[in-house]
Amino acid sequence: MIKRIKENALPIALTLVVGLSILLSGVAWINPFHYEHRQSADSLATSHQATMQTLSDIYQPTQLIKTQADQSQQLLYGQDRNPRLVIQKQMRGWQLRRLTQVASRNEHDYLQILRTEQALVLVYPDPVATTIFNQTFNQQVDPHRLATINRIVITMRATPRVYLLQDRNYQVYRLTATKAVDWAPIKAALAGGHQVNVDFQIINRHPLMTFPHPVTMPTYTATLAHQNLDNLTQTLMADSTVAAIRSTTKNGVKTFTAGPSRKLTYTKATGQVQYEDYRGKDSNYSTQSLPTHLYNQLAATGVPLEQIHYDAVVPASQTITYRSTVEGFPIFSNDNYGTVRIKANNDGVERYQLSLISLATPLPTANKAVTLPSSVAILNKLHQVGKLKDIRGLRLGYYWQPGAPGKTVTLQPAYYLDYRGDWVRYQDLIEGRVNE
Amino acid sequence: MNFRRIQWIFLWAFIVVDLVLASTFFWGVHFTPGQRQLTQAQITLKEMRGDGITVPKLSEHRQSGYYIVARPGDLTPGQRKLVNQTSRENDGQVTATFDRPITPRHRLPLAQQLDFLLKDPQRIQHGQAYHYNRLLSTNTTRVYTQMIKGEPVLSSAGQLTFTLNRQGEVTGYRQGYLTAGKPLRPENNTISALQAVVWLYRHNEIPNGTRLNDLTYGYSQLLTHAGQGVYVPTWQVSLRSKGTPQGENLRVNAFSGTIIRDNN
């Protein structure tokens, strides 16, 4: 036996080394990361500043509605413990499974689910990609089955059911918790604060949250933050390919150019900034990847994001609007204060529209609360003047009213209507101050 | 060339191939921990160590807090009724000197004596509202703070600071008293201790060769509006340069992540 091994030592050794080399190359094949890591740390170190607000902070549902046993619904705001945040934190620990379609293309079914008794409704201001929902709530909903979500209905049962609603085609999917959840922190957070009666209705084939009774809303005051123009131009325009940034001023408009493709204009009177980057090459983002891409662009602008949230998406032009909010209510300003609009590079141009002025620190306010009419009254009025047919949305929002020059802002409650694609103040629309 | 010779050549060739593959493999394994995908913050920490800055272990956990209004309380009327001290007032805060200093005793440690003192309304006003804070205290001070939503007040307007002499005797105190109001906005997430330090370093607020001590999370006054203070959640970092005995405190607004300049 030993003799035979000795005779065949060479072929045996050869077989062993060949086997070993196959094994080793196999390992190298499976773990290619050993070879490509070295540069990543250095390249990251030079990238822009760290952001304080995460993707989940920006893409949050902004409003919370509680549905009672009799299906009456109240919009909640002003609860100290911030129930929206508490629900999000709790839901991250829930195991939700069995994604099932429960309604499709049926207005009636859709409204019935929105009015599910003993439930909480979280509302996004516009559809949010399912991958973003998954990240925010730590879930695994298949974006191929349900691409976007507008509203989330959570039944307040020991083992809750969660309905994901998509306004488009009135799609509703249901998830079921696999075990009982702890409702105590959420119930504690719901206590106190203010409530406004609301009712979901479908108007012009759009589900709207309406206000059946007159509403009394507080006014808010805050200080302003002024972003430095030079810092902004540097962050947006300067990189290794740019030799110099040139600037010219004409009629109160300052224009910065960097090379042939990048241009930033700043209007001094309004604080508005427009930035365009002609990239030449298009890049198209999917419904699922666009929000993440534009969040990264937003974070890179250096605009203070503390009170800014996702507000609207236009899939056709790959544009997302991020807007300041107060207690979840959107804030509108004629000069785009506290608003950032970014268009991805789907046609060769990346475009930013923002303001150097944003909300800073809330201040105690002595201003009185304001009572607004019911939305029924305002929809009737719009019907009378023949403008109801062009309405696609209705929101209770806040109007940005500059206070002490450059220092403070007063936020006044007002109804806003989506009129031919733009959010306009009800008062302005009725009194004919809106360009037709 | 016979078959045996070819076998030998192949044997040596494969041994070389194996050695090369194995060496890259082990080399790769050896360097893997350092090559893990680093976050922005971790890279900054590495840079800081390169600048000779000593950093404690910092949490990446985000806290939560409120914008809250607090009004300075008037201590003057009550102060006249207190015993064993002479006091004067400055900017709404009281500075008092004990007639007889409080001395540490064998059976009764100082901490316990101060606790008794705080519970005695004839000697200190609103004493029960203050809680001892080890991180804010030094060799010559013992700092007690009021609490807002369970977190210490970092501004002196909400603190009671006992002053100690060289013998370790408590000679007097300085007191500010706040009455906190309602939150201005609902609770929200703040930045983590790590993000606060990264922000300070990125904005050149931490000189080379400094040592960072523990970070304190609490509330400090951001601005005054109509006689009331607006308080925000704050990360306070104490820095000490090598060779200097006195430290410096930096405060970061834990909502916006910007520095609070007005230290008090």
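Two strands count as paired if DSSP finds at least two bridges between them; helices (H or I, at least four residues) and strands (E, at least two) are DSSP runs, numbered from the N terminus. The model here is predicted, so local features need pLDDT of at least 70 and side-chain atom pairs count only at pLDDT 80 or more, while totals for chains, interfaces and linings use all residues. Residues are numbered from 1 along each chain as its sequence is written, chains are lettered from A and ligands numbered from 1 in the order in which they are written, and side-chain values use heavy atoms, with hydrogens and water left out.

Take strand β24 (residues 408-419) of chain A to begin with. Of its 12 residues, 11 are buried (under 20% relative accessible area; exposed is over 50%, partly exposed in between; 1.4 Å probe, protein chains only). Strand β23 (residues 391-402) runs antiparallel to β24(A), joined by 11 bridges, with A:Pro402 partnering A:Val409. Strand β11 (residues 220-226) also pairs with β24(A) in the antiparallel sense, over four bridges; here A:Thr223 has A:Thr408 as its partner. Two residues separate β24(A) and β25(A) in a hairpin, where A:Arg420 in the turn has a positive phi of about 50°.

Now for helix α6 (residues 83-91) of chain A: seven of its nine residues are buried, so the helix is largely enclosed by the rest of the structure. Among the buried ones are A:Arg84, A:Gln88 and A:Met91.
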